[in-house]
Structure formats: C-alpha cells, structure tokens
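Me: Could you take a close look at one part of this model for me, the packing around its opening helix? I'd like the angles, the contacts and the cut-offs in one connected answer.

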Amino acid sequence: MGLRKFNHALHRDIGYLCVGLTLIYALSGIAVNHLHHWNPNYKVEKARAQVAPSDYRGVLDEDRVLELLRKIGEPPVYENIFQPDPESLMVFVEGRVIRFHLPSGVVEYERAAPRAFWHAVNFLHLNHPKKAWTWIADLYAAGLILLALTGLLLLPRGRMRPRCIVLILLGLLIPVLPLLLYY
C-alpha cells in the first residue's frame with residue numbers, strides 16, 4: 001500500500017471512529033454556548049396548590065414551617081428555609097423548592113429535572129466522568145488532529161488548488177480573529 005493510499009485509509013477510518021464523539025461534542029458545544037438563553041441540563045417543573053390563607057406576618061419559626069408542610073401533605077422534613085419577606089416562605093426539600101405566599105395561600109412547587117439527552121451529552125462533554133473518559137477524550141482530540149493533517153494530503157498528487165489554499169488559510173484565521181478581538 002502506497003503512502004497516499006495509506007493516508008486515505010487512515011483519514012477514512014479515523015473519520016468513522018470519530019463520528020459519535022463529534023456529534024456529542026458538537027451538540028453539547030452548541031448547548032453549552034447558549035447557557036445564557038436556556039439551561040440544557042435541567043428543565044424546571046412547576047406545580048401549584050392552594051391552602052387556606054394565613055393572617056400571620058413576620059418571621060416563621062420551625063413549628064409554623066412544619067405546620068405549613070403538613071397542610072400540603074409533605075413530610076415534616078426540610079433541608080433549609082428562606083423567608084424573603086414577612087409574607088413569603090421558601091422551603092427547600094429533597095431537590096425541590098416549595099414557595100408559600102401566606103396572605104393568598106398560594107403554594108408553588110418547583111423542581112429542576114435533568115433533561116435526559118442533554119444532561120448526558122453535557123456530562124460527557126464537560127468531562128464529569130473523569131477516569132477513563134479523560135483518555136477517550138484525549139484520543140478523540142488526537143484523532144481530530146490526524147483528521148486535519150491527513151485531510152490536507154487528500155488532494156490528487158501535486159494539485160493544491162488556489163481554492164484549497166484559501167480555505168486552509170480561512171480555517172487557520174477563524175480562531176485567530178476572536179483572539180485578536182476579544183482576548
């Protein structure tokens with residue numbers, strides 16, 4: 001097998017091996033780039049209920065907090081509370097937040113639930129598994145370097161067209177321009 005044929009086979013096979021990881025990193029990269037627009041990892045589920053309005057205003061003691069939890073059928077266990085004003089109470093219970101508005105009796109439940117696909121993809125992209133995944137991600141990066149280099153040699157012998165040179169230069173400038181502008 002000649003060097004050109006070997007280069008083609010290497011480029012093709014590395015490309016096949018990188019398909020899954022490229023899709024994961026590309027999709028997750030788009031999602032992570034837009035964190036300021038939406039949370040790709042979690043969706044917030046909300047529910048509402050109503051209890052009898054209360055005339056009480058002021059700082060709630062533990063007995064009153066437990067009484068409120070009993071009124072809505074929650075176990076009398078909580079992780080923390082926060083009272084932003086004398087009429088409202090936030091109770092943090094096992095992955096949820098329960099908001100009470102005492103004068104109206106409105107109760108709002110809020111829970112952050114992982115988005116199955118995006119949470120998993122971002123988990124891998126952001127290297128949360130560590131351990132062997134770090135090696136896989138490093139091998140993937142090395143595969144991308146090989147793809148770029150072997151891709152440069154895919155042209156027919158001695159036929160580097162001006163269009164190819166322009167595209168290669170543009171590809172090299174794409175990361176340089178943001179560095180010049182923002183770094």
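Reply: Happy to! Domain 1 covers 3-39 + 117-156 and domain 2 covers 42-114, with bounds from an automatic or database domain assignment. This is a predicted model, where local features need pLDDT of at least 70, side-chain atom pairs count only at pLDDT 80 or more, and totals for chains, interfaces and linings use all residues. Residues are numbered from 1 along each chain as its sequence is written, and side-chain values use heavy atoms, leaving out hydrogens and water.

Now to helix H1 (residues 3-33) and helix H4 (residues 131-152): their axes come within 9 Å and cross at roughly 135 degrees. That makes H1 oblique to H4 (under 35 degrees is roughly parallel, over 145 roughly antiparallel, 65 to 115 roughly perpendicular, the rest oblique). Helices here are DSSP runs (H or I, at least four residues), numbered from the N terminus; axes are lines fitted to C-alpha atoms over the stretch in contact, with angles from 0 to 180 degrees between N-to-C directions.

On the H1 side, the residues meeting H4 include Leu10, Ile14, Cys18 and Tyr25, and their partners in H4 include Trp133, Ile136, Tyr140 and Leu147 (contact means heavy atoms within 4.5 Å). Tyr25 and Tyr140 also form a stacked aromatic pair, 5.2 Å centre to centre with 10 degrees between the planes (ring centres within 6.5 Å, using the six-membered ring for Trp; under 30 degrees is stacked, over 60 edge-to-face, the rest tilted). Because Tyr25 sits in H1 and Tyr140 in H4, the pair ties together parts 115 residues apart in sequence.

Tyr25 turns up again in the contact with H3, where Ile24 and Leu27 are also among the H1 residues, and Phe117 and Trp118 among those of H3. H1 and helix H3 (residues 116-125) pack at about 105 degrees, axes 9 Å apart, which makes H1 roughly perpendicular to H3.

Definitions and conventions. Helices (H or I, at least four residues) and strands (E, at least two) are DSSP runs, numbered from the N terminus.
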